[in-house]
Amino acid sequence: ENNRQILEISATTQNISTVVAGLGFVERMVLDGSGNMYFGDEGNITIDKYNLSTKTLSIIAGNGTLGNSGDGGPATSAQFEDPMSVVVDAAGNVYVANQPTYTIRKISAANQTISTYAGTGSDGYTGDGGSAILAEMGFLTDLLIDNNGYLYVGDNGNNAVRKIGGT
C-alpha cells in the first residue's frame, strides 16, 4: 500500500501540505535539535530520517524484513518487528522500542551500527536496579530522553514507566 503520508498544517494559515508521501504505517515522530524528523515506519519495517531543511528522506535502520537481528552490524541491515517509538539523544544516537520483541534497540550516531540497548526479548517485569540489557519488559509504547540522558520507557504491558541510564 505505502500510500500513507506525513502532513504539515500551518499554525497561522491552517493550510495543509504533504511533507513526505509513499510511506507504510508511520509510528510516533520525533524531532532532533538539527531539524531532522525521525519515525518508525511499521509498513516498511524501517526507521526513517527526514531532513526538514533539505527535504530528503533516508532509511537509517531496517532492511524491510520482520525480525529482531543485526546487533553489531550496520543498522540498515538490521531487522525490526514493529518500530513503535523512536527518540534521539543529545549525541544523535537513536533509540527504538521494537515491539513485540520487548527490546529497545540503539542506532549509534558514531558508526551507524545497531545494538540491543535494553530488554532480554522476553515479556516480563524484572531488572529494576540492574543492567537494562538483563531487564524483562512488557508492551513498549513510548520513549523519552531527559536533559540528564535518562531514557524513560512507557511499559504498558506492566503499567509502568521504566528509567534507564543517565549521566
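This is a predicted model: local features need pLDDT of at least 70, side-chain atom pairs count only at pLDDT 80 or more; totals for chains, interfaces and linings use all residues.
**Reading contacts, cores and backbone turns**

User: Which residues touch the most other members of the largest nonpolar core?

Analyst: A nonpolar core is a set of buried Ala, Val, Leu, Ile, Met, Phe, Trp, Tyr and Cys residues joined through side-chain atoms within 4.5 Å. Buried means under 20% relative accessible area, exposed over 50%, and partly exposed in between (1.4 Å probe, protein chains only). Here the largest core has 15 residues, and Tyr 38, Ile 47, Phe 80, Val 86, Val 94, Val 96 and Ile 107 touch the most other members. Strands S6 (56–61), S7 (82–88) and S8 (94–99) each give two or more residues to this core; a strand is a DSSP run of E, at least two residues, numbered from the N terminus. Another core lies apart from it, with 14 residues including Ala 97, Ala 118, Ala 132 and Ile 164.

User: Is Ile 114 buried or exposed?

Analyst: Ile 114 counts as buried because its relative accessibility is 1%. You will find Ile 114 in strand S10 (residues 114–118). Beyond four places in sequence, Ile 114 touches Gly 70, Asp 71, Gly 72, Gly 73, Pro 74, Ala 75, Ala 78, Phe 80, Arg 105, Lys 106 and Ile 107.

User: How is strand S3 joined to strand S4?

Analyst: Two strands pair if DSSP finds at least two bridges between them. S3 (residues 26–31) and S4 (residues 36–41) run antiparallel and are joined by 4 bridges. One to look for: Met 29 has Phe 39 in S4 as its bridge partner. The hairpin has 4 residues between the strands, and Gly 35 takes a positive phi near 85° there.

User: Which residues other than glycine have a positive phi?

Analyst: Most residues other than glycine have a negative phi, and most peptide bonds are trans. Ile 45 has a positive phi near 55°, and Asn 159 has one near 50°. Ile 45 sits in the loop between S4 and strand S5 (46–51) and is buried, at 10% relative accessible area. Asn 159 belongs to the loop between strand S12 (150–155) and strand S13 (160–165), and is exposed at 75%.

User: Which peptide bond is cis?

Analyst: Go to Gln 99 and Pro 100: the bond between them is cis, with omega near 5°. Pro 100 lies in the loop linking S8 and strand S9 (103–107).

User: What about Thr 46: where is it, and is it buried or exposed?

Analyst: Thr 46 is in strand S5, and it counts as buried because its relative accessibility is 5%. Residues up to four places away in sequence aside, Thr 46 touches Phe 39, Gly 40, Asp 41, Ile 59, Ala 61, Gly 62, Gly 64 and Pro 83.

How values were computed:
Residues are numbered from 1 along each chain as its sequence is written. Side-chain values use heavy atoms; hydrogens and water are left out. Contact means heavy atoms within 4.5 Å.
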